[in-house]
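Please walk me through this protein model.

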Amino acid sequence: MSQNEPKATTPSDTNVDPADITEMVAQGFDGTLGLEYLEVSGDRVRATWDVTPKLHQPAGIMHGGVLCAVVESLASIGGSVWLGDRGHVVGVNNNTDFLRATRSGRLTGVATPVHRGRTQQIWQVDISDEAGKHVAQGKVRLANIVDTAILGNAAT
């Protein structure tokens, strides 16, 4: 194994200040969703957000794409922290099941790893409402990219 390849069996014990992550992503899509990170490590990510009318679809319930985006964001943050300075992660599959419609309130998402290997990771994200009822569950497969110069280039 080269120095740049992630170690499949050694999870990062790095904890990241959740306020730093919230601030870092505030200008992007996570900020638009209103995600507030409460816990961030290579082993667990927890975030909350408020369901508001700006996140609704025409029927007046939260758009399912919001749930998919939250699943992707939490898994990617956790996977990135675990991989650390060895590279970047990119989502290659997101499978999110919608379990309960939501019109308002505060939701919480918790991401935990299912598998972390040399080339990929799988994270599960459970989303629940204030009463503890499951709203959605998703799994994201992430590719571990150690040659980050290839990201976003049309020739690759």
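Helix H3 is largely enclosed by the rest of the structure, because 16 of its 20 residues are buried. Buried means under 20% relative accessible area, exposed means over 50%, and partly exposed lies in between (1.4 Å probe, protein chains only). The model is predicted: local features need pLDDT of at least 70, side-chain atom pairs count only at pLDDT 80 or more, and totals for chains, interfaces and linings use all residues. Residues are numbered from 1 along each chain as its sequence is written, and side-chain values use heavy atoms, with hydrogens and water left out.

Stay with H3 for a moment. At 1.5 Å a residue, its 20 residues should span 28 Å, and its end C-alpha atoms are 29 Å apart, which agrees. The expected span is 1.5 Å times one less than the number of residues in the helix. Gly-65 lies in H3, which covers residues 64–83. Gly-65 is partly exposed, with a relative accessible area of 33%. Gly-65 and Leu-55 are 10 residues apart in sequence, and their C-alpha atoms are 9.2 Å apart in space. Just after H3 comes Gly-84, with a positive phi of about 65 degrees.

Now step back to the whole chain. The protein chain has 3 helices and 7 strands. Helices (H or I, at least four residues) and strands (E, at least two) are DSSP runs, numbered from the N terminus. From the N terminus on, the elements run β-α-α-β-β-α-β-β-β-β. Of the 156 residues in the chain, 38% count as buried.

Next, the sheet. The 7 strands form an open sheet in the order S1-S2-S3-S5-S6-S7-S4, with antiparallel pairing. Strand S1 (15–16) and strand S4 (88–98) stand at the edges, each with a single partner strand, so one side of each has no neighbour in the sheet. Two strands pair if DSSP finds at least two bridges between them. Strands of a sheet pair through backbone hydrogen bonds, either parallel or antiparallel.

Follow a few of these pairs. S2 and S3 form a hairpin with 3 residues between them. These antiparallel strands are joined by 4 bridges. Glu-36 stands opposite Thr-48 in S3. S3 also pairs with S5 in the antiparallel sense, over 7 bridges. There, Val-45 has Ala-111 in S5 as its bridge partner. Further along, 9 bridges join strand S6 (residues 120–128) to strand S7 (residues 134–145), and these two run antiparallel. Ile-122 has Arg-141 in S7 as its bridge partner.

How does H3 meet the sheet? H3 packs on the sheet and touches S1, S2, strand S3 (45–51), S4, strand S5 (105–116), S6 and S7. The direction of H3 makes about 145 degrees with that of S4. Axes here are lines fitted to C-alpha atoms, for helices over the stretch in contact, and angles run from 0 to 180 degrees between N-to-C directions. Helix H1 (residues 18–25) lies across S1 and strand S2 (36–41), running at about 125 degrees to S2.

In soluble globular proteins, nonpolar side chains tend to be buried together.

Look at Met-62. Leaving out residues up to four places away in sequence, Met-62 touches several residues, including Trp-49, Leu-55, Leu-67 and Thr-102. Contact means heavy atoms within 4.5 Å. Thr-102 itself lies in the loop between S4 and S5. Thr-102 is buried, with a relative accessible area of 8%.

Finish in S3. This strand is mostly covered, with 5 of its 7 residues buried. Thr-48 is found in S3, and at 5% relative accessibility it counts as buried. The side chain of Thr-48 makes a polar contact with the side chain of Arg-106, at 2.4 Å. A polar contact is a pair of N or O atoms within 3.5 Å; within protein, one must be able to donate a hydrogen and the other to accept it, and residues adjacent in sequence count only if both atoms are side-chain atoms.
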